[in-house]
Amino acid sequence: MKRIMPPSSKKKKTILFLGANPANSDRLDLEREVKEISDELDRAQKRDKFELKTKMAAQTRDIQSALLEFKPQIVHFSGHGIDQVGLVFEDASGQARMVSGAALASVFKLADDFVECVVLNACYSEQQANAIAQHIPFVIGTSRKVGDGVARAFSFGFYNALGSGELYESAYEWGCSSILVDGFSDSPAPILKRKSEQPALTEALTEPIEPVLEPLPVPSGPTRDLPIAPLAIDVPEGSISTDSPFYIDRPPIEQECYGTILRSGALIRIKAPRQMGKTSLQQRILQHAEDNGHRTGYINFQLVGPESLTDLDKFLQWFCQTVTDKLELEDQLEKHWKSMLSTKVRCSNYFERYLLKEIQTPLTLGLDEVDQVFHHLEIADGFFSLLRVWHEQGKGRGNWSKLRLVIAHSKEVYIPLHINQSPFNVGLPIDLPELNKAQVTELVKRHGLEWSAIQVEQLMSVADGHPYLLRKALYDIVKGTLTLESYLQSAYTEAGLYGDHLSRHLHNLREDPDLAAAMRRVVMLDEPVQLDQNYAFKLRSMGLVELSGNNVIPLCNLYKVYFRDRLGVG
């Protein structure tokens, strides 16, 4: 039987601060947060009632060892969280290591005779808070993304109140109030979970779920991979809508972009092969800008007609008119397009003296598929050097400081721009990676599938972390037209799920025999291959290979197996 220590038998409450900020995650100022907590406790009226212990760069094993060593009454975790996947701690090399809510609950179940309150000052930590609150009286988590400033504001108010003698529930209210006082009125408040209000774990798991669609049949056999509760899911094509649950964040990319776009003269460059999520990320950046009071406009350069690509003047007129139309403003091109000025000066004047002057708020433009301009060297040189000038001018004052740009492209930049005239070596560069195993696991869960780690690995053995290929497979599995077992057998064939996708890539390769020969070399060997840079860039832009140092390897096993067969590799 556990011995429950009476409150009066301990003169001091111990606060254990666990901080984790892995090298491959968004940087947080944890030292500042813990210092502010320490300073606030030192100034507190009842400062002799608290003792602060810290463990920075917390690894997974530190959770148990620190609890056993310090027997804290309050445990404060500051770092990153990823919704249902877990909290982000560090491994021995300083990289991210996930700890699930179930694992955290099992630890705090053993510490419920001394831990009274747990504060999870991390994004998307509500799921973990629910799990821990099965055993701990008070647990605080968050349901959405939380900025560094918001986290510190809550900590200030919470520990200020505790140091003044307030109880946990009152201290929580003071922390929420501090967020508002510090000017973060648009940020979500943390959520307080009480053990007394939590349903028993067994009851929570057996609670009936209202299906959105008619239930799908669950097949017999070893691969029961259909969801328990069918979902209404989007067809996996094009970009993922901003309100879709099937978009998976790739930390720290989203947070870096959201922070950058709010700065004057911001420029974000998103580069990735096709179907890797460039447009989906770009749309979320625009949505974040709009949520923060920006006017936004999305321009897809696939819509530019051939008549506008004959010379720079016609192209820049098209660009100005397109932006004007997106902003629903009156076209005043004739008024501002002075013939005695150079075409780039005309375009700049139109933006500065009309569009940016007319709009009182920041203006964020999403320029998608700018690859379309790369093949027209005169236009590319003039247009992209103009974007660089606008970006530089945006760092100062005046109307240009309102303009922020989000540029997305899949091809490498072949155009020979001068280093001081190119927008492709300034701003925030984003090279979208594939999803990692934790992110694929989360994507599987969001499709309502209760899969084991082995089943997730089997899925990734074909498509690796390719977002589109994964969503296409999961879509058919959830709809009941495919099982994991049949997917593993047929995915590599033209009769399988990816038949059209693979055939299209094969056709494009055969249109360029030298490119096909380069791809043949890549899939023939089981080690990275050195290619001519031009072919390596082209294959990467197509999404068929990824870089491994200065060499390339197939992007996923699907491409390796299929093209090894179809390109005649024995």
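Q: Which residue takes a positive phi near 70° in the hairpin of strand 14 and strand 15?
A: This is a predicted model: local features need pLDDT of at least 70, side-chain atom pairs count only at pLDDT 80 or more, and totals for chains, interfaces and linings use all residues. Residues are numbered from 1 along each chain as its sequence is written, and side-chain values use heavy atoms, with hydrogens and water left out. Strands (E, at least two residues) and helices (H or I, at least four) are DSSP runs numbered from the N terminus. The hairpin has two residues between its strands, and the positive phi belongs to Gly549.

Q: What is the bridge partner of Leu547 in strand 15?
A: Strands 14 and 15 run antiparallel, joined by four bridges. Strands pair if DSSP finds at least two bridges between them. Leu547 is bridged to Val552.

Q: Which residue caps the N-terminal end of helix 20?
A: Helix 20 covers residues 533-541. The backbone nitrogen of Asn534 lies 2.9 Å from a side-chain oxygen of the cap, Asp532.

Q: Which residue just after helix 20 takes a positive phi of about 85°?
A: Helix 20 has buried residues (under 20% relative accessible area; exposed is over 50%, partly exposed in between; 1.4 Å probe, protein chains only), including Ala536, Phe537 and Leu539. Their cover includes strand 9, helix 18 and strand 14. Just after the helix, the positive phi is at Gly543.

Q: Which residue makes a side-chain polar contact with Ser348?
A: Ser348 lies in helix 12 (residues 343-358) and is buried, at 12% relative accessible area. Leaving out residues up to four places away in sequence, Ser348 touches (heavy atoms within 4.5 Å) Leu386, Trp390 and Trp400. A polar contact pairs N or O atoms within 3.5 Å; within protein, one must be able to donate a hydrogen and the other to accept it, and sequence neighbours count only if both atoms are side-chain atoms. At 3.0 Å, the partner is Trp390.

Q: What is the bridge partner of Val88 in strand 5?
A: Strand 4 (residues 86-90) has five of its five residues buried. Four bridges join strand 4 to strand 5 (residues 96-99), and the two run antiparallel. Val88 pairs with Met98.

Q: How many disulfides does the structure hold?
A: Cys123 is buried at 11% relative accessibility, and Cys176 at 13%. A disulfide needs two cysteine sulfur atoms within 2.5 Å. The count is zero.
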